[in-house]
There are 2 protein chains.
Amino acid sequence: MTQTAAEPELQPQAEVGQVVQQLTLLEGEAQAEVFGEILEEAEPGTIALLLESLPLDERYERWNQIAFAERSAVLSLMRAEPRMSLLRQMSVEEVDLLLAQLSAEEMIEWSDYLPDSFIDRALAQMGERQRKRYELYDQYSENEIGRYTEHQALVLSNKSRVEQAQRFFRRIDLDCCENLYLVDEDNHYQGTVSRYEIFRQDPQTQLISLIEPDSRVLSADSSLIEAAEAIEHSSDIELPVVDEEGTLIGRLTLRTATALVREHYEARLMASAGMDESDDLFAPIVKGARRRAIWLGINLLTAFLASATIGLFEDVLAKVVALAVLMPIVASMGGIAGSQSLTLMIRGMAMGQISIGNLFSLLKNELGIGALNGILWAILIGLVAGLWFDDNLIGMTIAVAILVNMLVAALAGVAVPMILQKFNQDAALSGSVILTTVTDVVGFFTFLGLATLLYL
Amino acid sequence: MTQTAAEPELQPQAEVGQVVQQLTLLEGEAQAEVFGEILEEAEPGTIALLLESLPLDERYERWNQIAFAERSAVLSLMRAEPRMSLLRQMSVEEVDLLLAQLSAEEMIEWSDYLPDSFIDRALAQMGERQRKRYELYDQYSENEIGRYTEHQALVLSNKSRVEQAQRFFRRIDLDCCENLYLVDEDNHYQGTVSRYEIFRQDPQTQLISLIEPDSRVLSADSSLIEAAEAIEHSSDIELPVVDEEGTLIGRLTLRTATALVREHYEARLMASAGMDESDDLFAPIVKGARRRAIWLGINLLTAFLASATIGLFEDVLAKVVALAVLMPIVASMGGIAGSQSLTLMIRGMAMGQISIGNLFSLLKNELGIGALNGILWAILIGLVAGLWFDDNLIGMTIAVAILVNMLVAALAGVAVPMILQKFNQDAALSGSVILTTVTDVVGFFTFLGLATLLYL
């Protein structure tokens, strides 16, 4: 969908889909040839996406076509698991050569999934300054913006004048940086000067007099999503990052923020199925099966809980088979209603929009919606069930169970993520499995328990 | 978490959570006072998030504190439903006054949720140029980047010289634009010149000689996510957008792209529970219930399908109650395994990484993982079930059903999103409900069908 200015022709970035199709339909030599052509034009981000979409054997072959100088850039832009799939194919010497090319920022990004022995060797190869930087970033957790700070920034003393800044600017690539940051002798952040001011002002002007009055500073322990939002809503395309003492440790750019936002959401989407943002489309079967087995196991435990609940009521089930037929409806309506409340809550919590102050209003609202839908569907399902089995009692039983379960679902949809947050657990990961357990157990218990009272 | 440069103090943007808490714990006068203070400092994006997190009655009250000049900016940054909640409270005259302030770009954004009568009145109020622009953007669908193009851009004739560009630059706010775009007399895009070149080059230089050789162009019918990716991976912070004839219609900035990426993912997350990105945390109960009822209704149909499947086997259920107890386990293992494959597929499809060429390899991989986990869990669950009910036959029955259902789940997880795409349906919206129907029906049919053969 993109074209170069001079000659409108294929620019693969926005066309990953087309290139993937072109490439995956070919094999062997033919694929190698087309990939060679793509390599000449495409950016590392595209190559990364392409490699990820190839089955492992083809991925290894195409990887060998990539020039050594390009390799670390491509690997850095791949997801962690596909990246590791390539690293595992290499000799120790090859890996070391690659690691030696990484900046502290890239090393941090890789380190989350790299075996410790690799990290140790990489650090040993690093220069003193890079290692110090690595250690600085590594102090921050995966959810703190300090970890993703870019070190490269335009920094001058707060005593400098415009002429010094102008000299500075002539030496560097102007595309690199948007703002100039002033620091005192202890490297404490003092203020931001827009690069454009430098060209307009008299060379003798003190830079400190040009500091933007409202410029923002990010604290290194801010969460990713808060920091990304701050930069998205600010008028700047980069913001300085300071540590607790106010020392300038680098900057966060809008581009990095965009990548972090994307990763945050991908992680949430994958987590909803018990998977990881780093997962490979073509994981080796044993490895892929092992990763997914954990989630299946957790889910099995909750399914056994549901079964055990049903097991309490074998007597009534033996007498009224219709109950077994209708059971899935009770569980499923509760599960869906609960997941709607939960989804709304998780979104609100990620944006910082939910707090102790509005929690009660929210709960009231969700219970109201649950009650209204509960009554509606209870009546409808009760009527259908009564007609289906020609038995009004069973219609009444399921109606009550549906209403109760949908109210409990609303309550659990609000309460479960809040409780998980209290215990520092990620609601996006474990919220839905806990919620479904609650609605399954409550649903079966109400439905079969009530039936026991009425039929036995 | 952010601080101003001059006096390190609260900057609400990155601290929505704290301000929400502060505000929602207060009521009436006290809340009004604090909100007034926040209004002085905070940016429209923060105010928008704050209003969304207030229950409707408080939201209306706080809204009245906002100065008229700020209102359209705040509304534009709110999600569509909360925005409508405020618009619905206003008189026709008030709404018209607000709509009159909107640019064509904002009007497009609002129009997706605005009643037609409002749009017609707003268009009637618009100046000729704004309306033409509105109509230009409105040609593109919600998923095409042309719809979200910013009109404001630095455009000069391809015959201009550097001195004209310099004069141009002195007149405008430099923060607005990153690049200069050259067009011919028919407004066809000719190339991009970096703003920084303008300051470095001789005034007599022809601009056309400064065109960047590799600069990207976005086609107006590119999808949002493709275009956002293109800009994220390019070295520019904005890209020109052209229509089919090559006419320059505007530009896409990295900031807009970031917002679009966020909305894309929010929509996918909300869609997974049958909800909408525009939904209000505090929807009025009747409205909220109605919106969610649709999804509950669709889900009920699939639950009835599952029940009907069970209904085919009433005889064996009456004889072997253990089957009713174990049913949820078969359905749930299939559902979870299928949703794992589906989640991986949807992510890959959104990134353009899945095509007809690698589909077969993917299916083989997923079936391999399904078979491995199927065998593992079939044996385990079979043993537990056999011991629980002291009946080897039931252990065997559930083991076979689990294995079959997990293989079918892998197949459906790959096939369902591809089939939906074939029919231009959004797999993120309807994929999971179709998948669960398949695994429920197949699971119950295999489990109870096999039991009928063995027990009757």
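Copies are superposed here by least squares on the C-alpha atoms of residues with pLDDT of at least 70 in both. On that basis, a 180° rotation with 0.0 Å of shift along its axis puts chain A on chain B, at an RMSD of 0.1 Å. That is how a two-fold axis relates its copies. The model is predicted, so local features need pLDDT of at least 70 and side-chain atom pairs count only at pLDDT 80 or more, while totals for chains, interfaces and linings use all residues. Residues are numbered from 1 along each chain as its sequence is written, chains are lettered from A in the order in which they are written, and side-chain values use heavy atoms, with hydrogens and water left out.

Now for the interface. With contact taken as heavy atoms within 4.5 Å, 135 residues of chain A touch 134 residues of chain B. The copies meet through the same surface, because 99% of the interface residues of chain A are also interface residues in chain B. About 12,300 Å² is buried between chain A and chain B, 62% of it from carbon and sulfur atoms (buried area being the accessible area, 1.4 Å probe, that two parts lose on being put together, summed over both). Arg255(A), Arg262(A) and Arg347(A) supply 7% of what chain A buries against chain B, more than any other three residues.

Inside chain B, strand E6 (residues 216-219), helix H13 (residues 224-233) and E7(B) form a right-handed β-α-β unit (with the strands pointing away from the viewer, the path from the first strand over the helix to the second runs clockwise; helices, H or I, of at least four residues and strands, E, of at least two are DSSP runs, numbered from the N terminus). E6(B) and E7(B), residues 238-242, pair in the parallel sense over two bridges, pairing requiring at least two DSSP bridges. Leu218(B) sits opposite Val241(B) in E7(B).
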